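User: Please take a close look at a single part of this model for me. Keep it brisk.

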Amino acid sequence: MNNFAEIIWVNTYRKVTYYTVAVNDGDALFDAFVDKHAVENKEKLNHILAWIKVIGDKIGAQEQYFRNEAETADTSALPPQGVNKEPVYVEYNEETGTEENKPNNLRLYCLRANEYVVFLFNGDIKTAATPQECENVRSHFKMANKLTELIDEAFQNKEIRWINDYTEIEVDDDFLLQWD
Amino acid sequence: MKKSNHNISDWLDQYGDPEIDKFVEKNLAITEKVRVAMEAKGWKSQDLAKAMDKTPSEVSKWLSGMHNLTLKSIIKMEQALGICLVHTEPIKQYEYVYLGTIKGVDDYAQKVNDYQESYADQAYEIAL
């Protein structure tokens with residue numbers, strides 16, 4: 001096993017607890033996502049984080065508020081998507097002085113473990129029709145699918161355990177997700 | 001379990017645009033209300049689209065929770081579903097507010113009367 005990932009707690013809201021992972025002793029994936037896009041894509045990141053907070057606080061991680069990004073495992077992403085539509089966010093156009101619906105092509109890959117627990121991974125600006133074709137997001141998409149697969153297995157093996165009526169998880173202190 | 005360096009709420013408080021927070025919050029509140037009303041009627045997006053004479057993809061876009069809904073589209077959904085999505089308070093010039101009752105009204109009136117009389121006596125003495 002050459003690679004490993006440690007589970008990290010991010011936030012607990014009234015309806016959802018968010019976690020992330022740190023791969024091979026690096027920064028937590030969600031931290032890397034925020035650090036990068038807080039500079040490069042602040043408004044798009046703001047929309048996604050506001051979305052995560054509202055879902056966490058008021059609604060719960062319902063399936064329709066995530067987009068399906070499954071390849072080898074049940075991975076999702078934010079922002080969500082309407083049928084055959086790219087998700088949009090509202091941006092102020094300084095030239096015209098109007099608020100406009102613009103596509104939010106920033107993707108945050110994640111695993112919706114249930115309505116109360118979500119793992120947030122990493123992501124980037126998607127510039128091609130599919131994540132496999134996009135140089136920006138391909139590696140994040142593949143990693144998210146790999147991690148989803150490993151986390152699902154760890155749930156089945158009881159290495160990750162549900163607590164508090166399936167609203168949170170616990171792991172042993174030395175637990176690591178491992179893969180080749 | 002270790003903690004992330006980024007607390008989402010802290011980030012939003014520190015760097016976020018409150019308008020974006022409110023936009024997302026209110027938009028999702030409207031979307032949720034529409035979703036619950038549709039469930040109660042046993043409707044799918046296509047049914048709502050048909051009731052509003054819109055395309056299903058347009059309705060999906062409206063219900064994505066991230067679309068900048070216009071007042072017109074909100075009212076269209078209200079009409080189609082027979083619900084109120086946005087409540088506005090009636091315009092009031094004044095409002096009666098119950099503050100409670102005063103016990104021992106007679107004592108109170110007597111005290112007011114005594115005070116006024118003593119004040120009048122004092123004024124009279126000063127005038128003299």
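Analyst: Of the 180 residues in chain A, 44% count as buried. Here buried means 20 or more other C-beta atoms within 10 Å of the residue's own; exposed means 12 or fewer, and partly exposed lies in between, with C-beta atoms placed from the backbone. This is a predicted model, so local features need pLDDT of at least 70 and side-chain atom pairs count only at pLDDT 80 or more, while totals for chains, interfaces and linings use all residues. Residues are numbered from 1 along each chain as its sequence is written, and chains are lettered from A and ligands numbered from 1 in the order in which they are written.

Chain A holds 3 helices and 11 strands. Both are DSSP runs numbered from the N terminus: helices are H or I with at least four residues, strands are E with at least two. Along the sequence the pattern reads β-β-α-α-β-β-β-β-β-β-α-β-β-β. Take the contacts in chain A between residues at least 6 apart in sequence: 52% of them join residues at least 24 apart. A contact means that two C-beta atoms, placed from the backbone, lie within 7 Å.

The largest nonpolar core has 53 residues. Such a core is a set of buried Ala, Val, Leu, Ile, Met, Phe, Trp, Tyr and Cys residues joined through C-beta atoms within 7 Å. Val21(A), Cys110(A), Val118(A), Phe119(A), Leu120(A) and Phe121(A) touch the most other members. Helix H2(A) is the top contributor to this core, with 9 residues. In soluble globular proteins, nonpolar side chains tend to be buried together.

Phe119(A) shows the packing residue by residue. Leaving out neighbours within four places in sequence, Phe119(A) contacts Tyr19(A), Thr20(A), Val21(A), Cys110(A), Leu111(A), Ala113(A) and Ile151(A).

Now Phe66(A). This residue sits in the loop between H2 and strand E3 (67–68) of chain A. Phe66(A) counts as buried because 21 C-beta neighbours lie inside 10 Å. Setting aside residues up to four places away in sequence, Phe66(A) touches Ser76(A), Ala77(A), Leu78(A), Pro80(A) and Arg112(A). Phe66(A) and Leu111(A) are 45 residues apart in sequence, and their C-alpha atoms are 9.6 Å apart in space.

Strands E9 (residues 160–163) and E10 (residues 168–171) of chain A pair antiparallel over 4 bridges. Strands pair if DSSP finds at least two bridges between them. Arg161(A) stands opposite Glu170(A) in E10(A). The hairpin has 4 residues between E9(A) and E10(A), and Asn164(A) in the turn has a positive phi of about 50 degrees.

Then the side that meets the partner. In all, 36 residues of chain A are in contact with 31 residues of chain B. Strand E1 (3–12), helix H1 (29–40), helix H2 (42–59), strand E5 (88–93) and strand E6 (98–103) of chain A each supply at least two residues of this side. H2(A) gives the most, with 9 residues. By class, this side of chain A has 23 nonpolar, 8 polar and 5 charged residues. Nonpolar covers Ala, Val, Leu, Ile, Met, Phe, Trp, Tyr, Cys and Pro; charged covers Asp, Glu, Lys and Arg; the others, Gly among them, are polar.

Strands also link the chains. E1(A) runs parallel to strand E1 (residues 2–3) of chain B, joined by 2 bridges. Trp9(A) stands opposite Lys3(B) in E1(B).

Finally, the partner itself. Chain B has 6 helices and 1 strand. Its radius of gyration is 30 Å, well over the 14 Å from the globule rule for 128 residues, so chain B is more spread out than a compact globule. The radius is taken over C-alpha atoms; the rule is 2.2 Å times the number of residues to the power 0.38. The C-alpha trace of chain B spans about 90 × 50 × 30 Å along its principal axes. Buried residues make up 18% of its 128 residues.

Helix H5 (residues 71–81) of chain B has the buried residues Met77(B), Ala80(B) and Leu81(B). The buried residues of H5(B) pack against helix H2 (18–41) and helix H3 (45–52) of chain B. The face of H5(B) turned away from its buried side carries the exposed residues Leu71(B), Lys72(B), Ile75(B) and Gln79(B). After H5(B) comes Gly82(B), with a positive phi near 70 degrees.
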